[in-house]
Amino acid sequence: SAWNDVHNVVLQMLVTTGIVGIVLLTLFVVWAMRRADFGLSLAVVAIAVNWLLQPSTTSSLMIAAIFLGASAARITAPPVSTGPSRRWLRLVTAGAATLGLLAGMLLVAADLHLRDTVLNGSRADVRSAAAWFGDDPFVVDFFILNSYRTDTAGDRAERHDLALREVAAEPDVPRWWNELAMTQWDLDDLAGMRVSINKALSLQPNHIRSWVQMTAYAKRVGDVHLEEIARAHACELGAPVC
């Protein structure tokens with residue numbers, strides 16, 4: 001099977017940054033953990049354990065590195081003060097903690113509401129529940145796009161607009177370009193579909209879905225030579241189009 005990532009942070013770093021990168025990462029972790037503050041290092045451990053089985057992205061890797069680096073910087077605490085500045089610091093800390101807790105609870109509530117709506121609600125209800133997550137590409141792809149009918153002109157147009165928002169949010173993810181290509185197929189925008197497929201393949205040359213889409217595109221426009229090439233690539237990658 002072909003995967004977008006290796007679902008293991010150690011292997012991911014090895015294949016993306018090489019031996020030098022994995023050695024530097026290991027040295028940094030060892031150095032930082034020897035001096036780490038227990039509270040901040042717990043955040044790193046929580047992220048790292050999840051990374052052994054789930055994808056690691058550039059953004060989350062940087063967050064973990066910041067936590068780890070901050071935990072290793074032994075900052076000397078200022079003298080204890082009972083004046084106005086000390087009370088102001090406590091208020092700011094309490095406010096930040098409260099906002100974080102409320103944000104976490106809101107996210108959990110939104111997630112449970114979306115799950116319940118997907119199981120029991122209408123298409124319109126699903127779109128309304130998914131709107132709580134904004135333009136999150138994953139939510140748009142798995143929930144909102146599927147709530148529109150491909151046999152209705154208005155729905156096809158709205159699916160296309162949503163797919164454009166997906167690629168605008170994360171233009172380096174081949175899957176979103178595949179979704180845009182499918183909406184262009186439904187709108188008979190075959191030229192636009194070819195551009196989207198080419199973009200997905202430029203990001204990941206061995207992307208199975210892209211070659212399957214290219215096979216369908218070539219067959220529809222009658223390009224026999226392109227269809228043979230695309231089908232051969234798809235078959236090599238294990239797609240059921242042989």
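**Close-up views of a predicted model**

**View 1. Asp186 is partly exposed, at 22% relative accessibility.** Welcome to this predicted model! Asp186 pairs with Arg159 through a salt bridge, 3.0 Å from N to O. The two partners tie together distant parts of the chain, with Arg159 in helix α7 (residues 153–169) and Asp186 in helix α8, 27 residues apart. Arg159 counts as buried, at 8% relative accessibility.

**View 2. Glu227 and Arg231 sit together in helix α11 (residues 224–236).** They are four residues apart, about one turn of the helix, and their salt bridge brings the closest N and O atoms to 2.7 Å. Glu227 is buried at 16% relative accessibility, while Arg231 is partly exposed at 27%. Elsewhere, salt bridges with shared partners join Asp141, Arg175, Glu179 and Arg209 into one network.

**View 3. Meet Glu179, a member of that network.** Glu179 belongs to helix α8 (residues 174–186) and is buried, with a relative accessible area of 8%. Beyond residues up to four places away in sequence, Glu179 touches Asp141, Leu145, Ala163, Glu166 and Arg209.

**View 4. Here is Ser196, in helix α9 (residues 190–203).** Ser196 counts as buried, at 2% relative accessibility. Setting aside neighbours within four places in sequence, Ser196 is in contact with Trp177, Leu180, Ala181 and Gln184.

**View 5. A nonpolar patch lies on the surface.** Among its residues are Val6, Leu11, Val15 and Leu27, and the patch has about 850 Å² of accessible area together. Val15, from helix α1 (residues 9–34), is exposed, with a relative accessible area of 61%.

Terms used: Residues numbered from 1 in each chain as written. Predicted model: local features only at pLDDT ≥ 70, side-chain atom pairs only at ≥ 80, totals over all residues. Heavy atoms only, no water. Helix = DSSP H or I, 4+ residues; strand = E, 2+ residues; numbered from the N terminus. Buried < 20%, exposed > 50% of the residue type's maximum accessible area, 1.4 Å probe, protein only. Contact = heavy atoms within 4.5 Å. Patch = residues over 30% accessible without salt bridge, like charges linked within 9 Å, V, L, I, M, F, W, Y side chains within 5 Å. Areas by Shrake-Rupley, 256 points an atom, 1.4 Å probe, with all protein chains shown as cover. Salt bridge = Lys/Arg side-chain N within 4 Å of Asp/Glu carboxyl O.
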